[in-house]
Amino acid sequence: MTAEHQRLAVNAGKEIPLAQWGPYLSERQWGTVREDYSEYGDAWHYFPFDQSHSRTYLWGEDGLAGISDLFQNLCFAVALWNGKDPIIKERLFGLGNSQGNHGEDAKELYYYLDNIPTHYYMEYLYKYPQLEFPYELLKRENKKRTKDEPEYELLDTGVFDNNQYFDVLVTYAKQNAQDIYIKIDITNRYTKASEVTVLPTLWFYNRWSHGGIDKKPVINLVDKTSVKASHQRLGDYYFYFQLPNEKWFTENETNTEKINSTPNKTVFVKDLFNDALITGENTAALKKQTSGTKFSPVYKMKVNAGETKTIYCRLCNKSVDNPFLKGFQNIFSDRKKEADDYYAAILPKGMSAEMARIQRQAIAGLLWSKQYYHFDVERWLSATDGISVPHDRRIKGRNNDWKHLKNQDVISMPDKWEYPWYAAWDLAFQCISMAVADPTFAKHQLQLIMREWYMKPDGQLPAYEWNFSDVNPPVQAWAALQVYYIEKKQKGKGDIIFLKKVFQKFLINFTWWINRKDGNGNNLFEGGFLGLDNIGVFNRSHHFFESMQLEQADGTSWMGMYALNMMDMALEVANEDPAFEDTATKFFEHFVLIAESLNQHGLWNDEDKFFYDILCMPDKEPLHLRIQSIVGITSLFAVSTISDSLIDKLQDFKKRINWFENYRKKTGKFWPNEEHSKRDETLLSLVPKERIVFLLEKLLDENGFLSDGGIRALSKYHEKHPYSVTIDGHEYYIQYDPGDSTSDLFGGNSNWRGPVWMPINYLIIQSIRKYGEFYGDDLLVEYPARSGNKINLTQVAEELTKRVISLFERDEKDERRIYGEYNWFYKLPENKNLVLFYEYFHGDNGKGLGASHQTGWTALVAELISYFGNKNGHLIYDEKVIIEDEE
């Protein structure tokens, strides 16, 4: 039991298994649906970045390298000014959806270096240019570019040439749960001395302006190096700091003069620090002020070339006579050692330093991406922000049928800048990676999304705040099983109570799918875009006419997988509680009926040997939409094995499935793929063995789905063979598009028409491994297709895993494929160990694309690395990988 494991054991007994303080501060609150009170729901334009430093938020806060308490009453973050920028750097900058040629995008360089589940140790690195930050250049150049051109990035602007920047390393080390030491290291990477102003900032989330709390909190000056922050809910906290140049107080209140030309009641507004530092405005008033709801000690420093200067702060809930006793710095090395011990305990032994860093930074990013999320839809629809007047159109607009949704929780986010809101299917994948580090929190998150203040009364899960009614793939039951098995492997015993709890909620959600997404009652399911944005030739969530219906291969396959997951869950529980036995039978029957529909109702194209969506139109033959995409591959995901010993133990289950099998075969009805092995196991899969082989031929074709970095979302076949279809006089067109999206579907900021996506690759690898464990050498396939090299499916899973991991590894040139043309920057000595976890990856060259901190589901690479490490006690990968000692 490491020190961190001991702390986690304490957390596990809490109703909410979280530390009171953590990285719960968002990195972008502006441009979100929550802050949008416009008539037409234009969130990006209603609250743009340009107003974020002057305008208070209603539903949360944001900041740079920040932390907050569980309910975000009190926040801390770092602000910077290089003496040249038009604004101080209080939060990360990025483009809104309409400003970028590929939608919204963060235009900053920042890295989650380290973190542990209780947040007793955390590191965050921000790279701050010494030249003026190119805000306008980034806007202008991206606006000029077409969708066929790459995004114009911060490293393209020249501000990081010649290493003319500061490394700002923010480290947190807790003395205890309510006592946090903070270290801010400013390193000058340039060859000349440079000046910088640092403002460690403490402030209260403004709940008082809109009736959230009765008594306005206050931060009062205590002495020249401390303040006291008092809040009616949080209590008192003391903020200690080293002697600064200035001590500034203001209020976290909107500067109404700037926002809507209404005179301010006081000069003490949210952006006063900004104006005072840059223009000298109201500095006299600042010098006299000794209280407020926002406070910063101000440090103006000159940092010599190559020098590091350090600022120490401390935030705790008790008054301390001497907050920085001799040797206090040891808390950072002590907590770092505890973090090292923790990762040594949970990660595989014998890995290279390179692989260990990738894993650790992936998990660190996942832990940094916890965020306080506050949204009461009913109140949001009916109220005003004091800037816009209420509109009837809003009341009947976005999310108006989700008035029950009242969220106020810390949630694992996909990316705290690009996606600072939860997404139902992202969260499922995130929980799998989280389970390696903190299975209790992973279980909590899966249960949370299904609580009554999230799930609709009819059983629908909320998709994401832009449209809670959108439909994501139903992967939550699969994720719950994955989390269950990860914890069972760690502890030697599974949490059956957890399975029972989530199973009840899954029953409600499964029923919603059956009643709402199977329009014809034939077990062929719809669902719309199903999280795959532009994967279709047209928007699959769009309904052309009531007389047309889209029967989806992936919707049907996901439901086959869901039924099988529910059966597996019921069987696992029935091992201890026989009351679940007949439910397992029920879901087995569901699985059989869905498998029948998938295989016999026209979704399989015998000419192409592939599953396609079907568009059903009146007075016409059903139309196969012949697009070779992962839509047709999802059928591989529904696979399970059951031991004969378990079947023999559950006699009612055995009797019922035997009767059901005999009945269907006797009456000439479909029976799914069911095979028995020499190891006394039964395999169930959605598609027959021969079709599995056909699908794998396409999947493992380097001219099709298989890329050097994993499986593409759309086959490269469509590079030379685009697909088009004419519906109601309109032509729709799709082709292989390996990089950024050239489509405007779903905002245009993600692309499923060729790139490699981590969650899909993880599912594919897991499924193929399951087949491989069953078939062994009885089923060999050519890898790659047409190579003549035959291997079993377990080996195929290993080879695919190596391809995915290779995206993040340094090669013989000391380059990582994820960085593409920016490897010049990441080959610098201070940057060579920095790893980003992108949203998706170029289908040809592996360059990282989309959100740059998607350590939501891209953190799954850590679990893929663990598989190899746990398999033989060491990693298996190509000789080209650099093996080096830990620095």
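Q: Is glutamate 251 buried or exposed, and on what value does that rest?

A: This is a predicted model. A residue counts as buried when its relative accessible area is under 20%. Glutamate 251 has 15% relative accessibility, and therefore counts as buried.

Q: Which residue forms a salt bridge with glutamate 251, and how far apart are the closest N and O atoms?

A: A salt bridge is read from a side-chain nitrogen of Lys or Arg within 4 Å of a carboxyl oxygen of Asp or Glu. Here lysine 216 is the partner, with the closest N and O atoms 3.2 Å apart. Lysine 216 sits in the loop between β10 (194-204) and β11 (218-223), and glutamate 251 in the loop between β14 (246-250) and α4 (256-260), so the pair ties together parts that are 35 residues apart in sequence. Lysine 216 counts as partly exposed, at 38% relative accessibility.

Q: How many salt bridges does a search of the whole structure find?

A: The search finds 60 salt bridges. One of them joins arginine 314 to aspartate 179, where the closest N and O atoms are 2.6 Å apart. This pair links distant parts of the chain: arginine 314 belongs to strand β17 (residues 308-316) and aspartate 179 to strand β9 (residues 179-188), 135 residues apart. Both arginine 314 and aspartate 179 are buried.

Q: With which residue does glutamate 702 form a salt bridge, and which parts does the pair tie together?

A: The partner of glutamate 702 is arginine 803, and the closest N and O atoms are 3.1 Å apart. Glutamate 702 lies in the loop between α19 (689-699) and β28 (706-707), whereas arginine 803 lies in helix α22 (residues 793-806), so the pair ties together parts that are 101 residues apart in sequence. Glutamate 702 is partly exposed, with a relative accessible area of 37%. Arginine 803 is buried, with a relative accessible area of 14%.

Q: Which residues are linked in a network of salt bridges?

A: Such a network is formed by Asp114, Glu123, Lys336, Asp340 and Arg360.

Q: At what angle do the axes of helix α13 and helix α15 cross?

A: The reading starts with the axes and then turns to the residues in contact. The axes of helix α13 (residues 476-491) and helix α15 (residues 553-574) cross at roughly 40° and come within 8 Å. The crossing is left-handed. From α13 the contact draws on Ala477, Trp478, Ala480, Leu481, Tyr484, Tyr485 and Lys488; from α15 it draws on Met561, Tyr562, Asn565, Met566, Asp568, Met569 and Glu572. These contact residues divide into 10 nonpolar, one polar and three charged.

Q: Why can residues a few places apart in a helix point the same way?

A: An α-helix has 3.6 residues a turn, so residues three or four places apart point the same way.

Q: How many residues of helix α5 are buried, and against what do they pack?

A: Six of the eight residues of helix α5 (residues 272-279) are buried, and the helix is mostly covered. The buried residues are Leu272, Phe273, Asn274, Asp275, Ala276 and Leu277. They pack against β3 (74-81), β10, β14, α4, α6 (283-288) and β16 (294-303). Just after α5, glycine 280 takes a positive phi of about 80°.

Q: Where is asparagine 399 found, and what is its phi?

A: Backbone angles are read residue by residue. Asparagine 399 has a positive phi of about 60° although it is not a glycine. Asparagine 399 is found in the loop between α10 (392-395) and β19 (406-412), and at 5% relative accessibility it counts as buried. Aspartate 814, also a residue other than glycine, has a positive phi near 70°. Aspartate 814 is found in the loop between α22 and α23 (823-826), and at 27% relative accessibility it counts as partly exposed.

Q: Which residues does a cis peptide bond join?

A: A cis peptide bond joins tyrosine 783 and proline 784, with omega about -15°. Proline 784 lies in the loop between β32 (780-782) and β33 (790-792).

Q: Which residues of the largest nonpolar core touch the most other members?

A: Among the 282 residues of this core, they are Tyr126, Val198, Phe239, Met567, Trp752, Leu800 and Phe808. Helix α15 supplies the largest share of the core, 14 residues. Leaving aside neighbours within four places in sequence, methionine 567 is in contact with Ala584, Phe587, Phe588, Ser640, Ile642, Phe653 and Leu684. A second, separate core of 13 residues includes Met548, Leu615, Val725 and Ile734.

Conventions:
Residues numbered from 1 in each chain as written. Heavy atoms only, no water. Helix = DSSP H or I, 4+ residues; strand = E, 2+ residues; numbered from the N terminus. Buried < 20%, exposed > 50% of the residue type's maximum accessible area, 1.4 Å probe, protein only. Axes fitted to C-alpha atoms, helices over the stretch in contact; angles between N-to-C directions. Left-handed = near helix turned anticlockwise from the far one by under 90°. Contact = heavy atoms within 4.5 Å. Nonpolar A, V, L, I, M, F, W, Y, C, P; charged D, E, K, R; others polar. Core = buried A, V, L, I, M, F, W, Y, C linked by side-chain atoms within 4.5 Å.
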